[in-house]
Protein chains: 2
Amino acid sequence: MRNFLFGLMALAFASSANAQPQPAAAVAPIPAEVQRTLDRLSASAFETNRAYDIVESLVTEIGPRMAGSEAEARARDWAVAMLREQRFSNIRIEPFTLGFWQATREEAAVVTPSPQRMVIAALGGSPATPEGGLEAEIVRFPDLAALEAATPGSLNGRIVFIDERMQRTQDGSGYGAAVAKRGRCAPLAQARGAVACLIRSVGTDPHRFAHQGGNTRQADGAALPAAALSPADADLLARLVARGPTRVRLDIQVDARENAQSGNVIAEIRGRERPEEIVLLVAHLDSWDHGQGAIDDGAGVAIVTAAARLIRDLPRRPRRTIRVLLAGAEETGIHGANAYARAHAAETHIVAAESDFGAARIYRLRTRFAEPALPYARAMQRALAPLGVIPGDNAANGGPDLTPLRAAGVPVVELSQDGWDYFDYHHTPDDTLDKIEPAALQQNVAAYAVFAYLAAEMDWDFRAPSQ
Amino acid sequence: MRNFLFGLMALAFASSANAQPQPAAAVAPIPAEVQRTLDRLSASAFETNRAYDIVESLVTEIGPRMAGSEAEARARDWAVAMLREQRFSNIRIEPFTLGFWQATREEAAVVTPSPQRMVIAALGGSPATPEGGLEAEIVRFPDLAALEAATPGSLNGRIVFIDERMQRTQDGSGYGAAVAKRGRCAPLAQARGAVACLIRSVGTDPHRFAHQGGNTRQADGAALPAAALSPADADLLARLVARGPTRVRLDIQVDARENAQSGNVIAEIRGRERPEEIVLLVAHLDSWDHGQGAIDDGAGVAIVTAAARLIRDLPRRPRRTIRVLLAGAEETGIHGANAYARAHAAETHIVAAESDFGAARIYRLRTRFAEPALPYARAMQRALAPLGVIPGDNAANGGPDLTPLRAAGVPVVELSQDGWDYFDYHHTPDDTLDKIEPAALQQNVAAYAVFAYLAAEMDWDFRAPSQ
């Protein structure tokens with residue numbers, strides 16, 4: 001696109017919140033006909049509850065679906081049928097294999113001084129304890145840094161307990177700060193002689209749920225049973241340890257095996273002029289098993305599917321291909337996204353976006369485009385403004401399943417959802433359908449439809465302007 | 001008391017909210033010296049966190065404590081030591097026996113069409129299912145009345161599911177309306193040929209917890225496995241049943257036996273002039289076992305104890321005896337209160353109050369006094385007004401543990417706590433210490449101290465004026 005609009009209007013869409021006058025930023029123009037289509041797409045998103053119906057169907061007819069499980073296989077079949085019903089093209093499953101892990105028992109209890117059960121979640125990849133569990137004294141660390149400072153051998157035979165809290169933030173940045181202990185507790189504790197690792201759940205809620213999640217022990221060569229505690233049980237351990245010696249029994253049993261089956265489900269709206277150029281919309285099909293996988297990531301599956309369906313229903317397909325990727329096995333290590341990136345490395349991905357941050361409204365559009373392509377980012381932000389979406393920066397990460405594509409240089413956008421309460425439910429039994437507000441899903445669908453149509457209809461190159 | 005104050009002031013404390021001028025209601029006068037003591041008691045309640053420290057100690061050092069369990073026995077020993085520390089008199093345990101019941105397994109899962117685990121709580125007194133559980137098709141009823149209308153034999157071999165919801169109310173009245181299904185589901189379902197009974201939890205929260213609670217099957221001669229479902233799982237069953245046949249597996253195993261040991265713990269501030277006249281403050285020591293028993297009823301134990309302690313610390317004991325009753329085995333059938341009422345039937349109970357509705361602020365004082373004693377009720381309401389307590393009616397129930405005393409004619413008061421969120425946590429794993437706000441406990445302590453001191457220092461007779 002050769003012509004940029006320079007003018008006062010552009011100021012409103014600059015990514016800085018600074019109130020001082022600044023040089024006007026370039027905004028790529030959107031032809032009137034395209035704008036009319038965007039308006040139609042946006043309006044039609046609010047006329048149905050299609051996205052809600054999709055996630056309702058998934059969590060009701062399939063339920064939780066651990067990576068590599070039989071339930072995830074049923075979810076793939078469900079997805080193929082659902083995508084056919086939405087009348088997409090080129091629907092297929094691309095299978096891959098991965099290591100399977102699922103806890104079959106996850107129990108913990110205070111043994112002394114006050115026998116009582118605690119609520120835990122075994123961390124993904126945790127090895128089993130001995131049959132019947134292990135029992136040891138707790139050593140509490142206020143944070144990960146304190147555990148790092150402990151000397152080798154100082155924790156011999158103990159259970160490490162990291163009591164670090166997560167901060168609530170709108171953009172989810174509290175998660176990045178808090179999640180390090182989930183992966184690093186086991187290797188650090190094992191290196192110092194401990195027999196198991198407990199962490200305060202990586203979450204923001206005050207409820208008696210433990211938050212599931214992966215840990216990276218395998219990469220670090222550690223093999224220590226590890227679990228997350230509910231907030232109330234972390235509080236309890238902290239109070240007990242402050243009083244004196246506290247012994248805990250931990251019993252984790254697991255079903256772990258190699259060469260389990262997973263797969264990515266793919267569907268397309270084939271581009272009418274440049275079908276080899278792909279606008280990729282991603283969500284993931286798998287979930288942890290304590291909850292229903294409603295907000296993580298049934299909502300994302302529903303949002304990207306319903307958005308693409310609105311474009312499918314237009315009288316004329318956009319120039320480029322819109323591809324929906326419902327990835328398998330995100331939770332246990334973005335296996336599906338990696339398999340996709342390997343299999344599709346030779347294709348031209350124009351831009352990619354992932355919906356994997358719950359079901360709340362989108363409040364911001366961030367991008368990761370080449371600098372000369374920023375006028376396209378501003379045009380997208382302008383197009384999304386009527387939906388209550390504000391401009392963000394050009395440092396988008398895009399989401400976990402975009403990691404391999406981003407590394408390969410594919411431009412990404414992030415339609416940032418409000419994450420204020422996302423980590424109240426994330427990876428807990430409380431990730432259930434009732435946490436989804438249908439009206440918020442409609443807004444997500446509208447935003448994804450606007451973004452995807454713009455990216456697929458215009459000839460914009462987000463790596464650099466195609467002038 | 002012979003003299004009543006008639007005057008305009010009294011209008012402000014009349015129990016009617018009607019704004020029209022009315023005949024002034026009589027208010028018993030409070031001598032200035034007594035008022036000074038009330039002011040001192042009230043102020044001192046806000047100077048310590050004694051009540052919070054007591055409940056913190058109970059839930060940390062004992063934890064949950066099912067009626068008749070070893071944990072409840074430890075709670076009695078804890079209570080005796082704690083009451084000694086508070087320097088009360090005549091501290092003792094009054095033992096009694098009861099039938100013990102505790103679930104050792106409580107699992108349910110959808111078998112078809114979408115295999116997935118559900119979150120349940122076996123209802124107190126439920127018999128076990130066969131080893132390995134039972135499996136049957138669900139029949140949903142929107143409410144208890146619909147089940148009542150089903151004909152005998154029409155539910156042969158099915159699992160009944162009552163999907164009735166509870167309404168949120170400040171005064172807890174929603175509970176009375178909703179709880180009927182908990183007791184009546186099993187006998188009604190059994191009489192119609194069903195093999196088990198599931199109910200939507202009697203609670204107001206949207207979280208993935210099932211609410212425990214007793215059921216009355218034994219009284220009705222029924223013996224049907226019965227459990228409560230979390231809201232999300234009730235929603236799930238409703239959606240599945242709407243789609244077609246839905247089979248569920250239910251596995252409940254229990255530890256049930258006769259002649260278990262429980263007991264009431266009693267402590268006193270002996271009256272300086274009329275020690276045989278008793279002002280009774282009640283809470284219960286036992287709890288369900290999914291939660292910590294923090295708001296139900298560790299908070300009550302803490303409130304009545306800390307209030308009495310403030311009176312104990314006065315330079316001069318009140319005229320009448322203040323007795324603290326920490327009852328055993330309330331949850332499984334007010335066994336402790338019944339044992340107390342039998343053992344102490346010959347004593348003179350002037351008035352009784354129970355704290356068993358959580359840890360939120362008191363907003364109202366209701367009474368159940370003889371009509372001629374209403375000036376005393378108004379005097380109490382007036383004394384409590386500075387704490388934000390409004391006048392209530394004279395139809396107080398007083399709480400479950402007051403049932404036998406109330407039936408025997410003992411006057412009761414109800415220091416009504418705000419119950420808006422009580423049934424979010426009630427009988428769930430989420431009944432944990434963090435749900436208690438220390439400042440709200442202080443207000444409760446102040447109100448109980450004011451009430452108890454007034455009742456014990458004045459010569460008021462709540463059955464009739466002693467003129």
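A:Asn90 sits in strand S1 of chain A. In this predicted model, the residue has a positive phi of about 50 degrees, although it is not a glycine. Most residues other than glycine have a negative phi, and most peptide bonds are trans. A:Asn90 counts as partly exposed, because 13 C-beta neighbours fall inside 10 Å. A second residue of this kind is A:Ile334, whose phi is near 40 degrees and is likewise positive without the residue being glycine. A:Ile334 belongs to the loop between strand S10 (320-327) and helix H11 (335-343) of chain A. This residue is buried: 22 other C-beta atoms lie within 10 Å of A:Ile334, and the cut-off for burial is 20 or more.

Cis peptide bonds also occur in chain A. One joins A:Thr112 and A:Pro113, with omega at about 10 degrees. A:Pro113 is placed in the loop between strand S1 (89-112) and strand S2 (116-118) of chain A. Another cis bond runs from A:Asp296 to A:Asp297, and its omega is near 10 degrees. A:Asp297 is part of helix H10, which covers residues 294-312 of chain A.

The fold of chain A was then described as a whole. Chain A holds 15 helices and 14 strands. Its radius of gyration is 24 Å, close to the 23 Å that the globule rule gives for 467 residues, so chain A is as compact as a globular protein of that length. Along the principal axes, the C-alpha atoms of chain A fill a box of roughly 75 × 55 × 40 Å. Of the 467 residues in chain A, 58% are buried. Among contacts in chain A with a separation of 6 or more, 81% are between residues 24 or more positions apart.

Chain A is assigned two domains. Domain 1 comprises 8-99 + 259-457, and domain 2 comprises 114-245. The C-alpha centres of domain 1 and domain 2 of chain A are 33 Å apart. At their boundary, 18 residues of domain 1 of chain A are in contact with 17 residues of domain 2 of chain A. Helix H14 (residues 422-425) of chain A provides the largest share of the domain 1 side, three residues.

The arrangement of the copies is symmetric. A rotation of 180 degrees, with 0.0 Å of shift along its axis, superposes chain B on chain A at an RMSD of 0.0 Å. The two copies are thus related as by a two-fold rotation axis. B:His207 comes closest to this axis of the residues of chain B, with its C-alpha at 4.2 Å.

Helix H8 of chain B also contains B:Arg243. B:Arg243 is exposed, because 12 other C-beta atoms lie within 10 Å and the cut-off for exposure is 12 or fewer. B:Arg243 and B:Pro113 are 130 residues apart in sequence, yet their C-alpha atoms are 9.5 Å apart in space.

Chain A averages a pLDDT of 93, and 93% of the residues score at least 70. Over residues 1-19 of chain A, pLDDT stays under 50. The model has 38 contacts beyond four places in sequence for this segment. Where pLDDT is low, the predicted coordinates should not be read in detail. The model scores ipTM 0.92 and pTM 0.92.

Definitions and conventions:
Residues numbered from 1 in each chain as written. Chains lettered and ligands numbered in written order. Predicted model: local features only at pLDDT ≥ 70, side-chain atom pairs only at ≥ 80, totals over all residues. Helix = DSSP H or I, 4+ residues; strand = E, 2+ residues; numbered from the N terminus. Least-squares fit on C-alpha atoms with pLDDT ≥ 70 in both. pLDDT = per-residue confidence, 0-100. Contact = placed C-beta atoms within 7 Å. Domains from an automatic or database assignment. Rg over C-alpha atoms; globule rule 2.2 N^0.38 Å.
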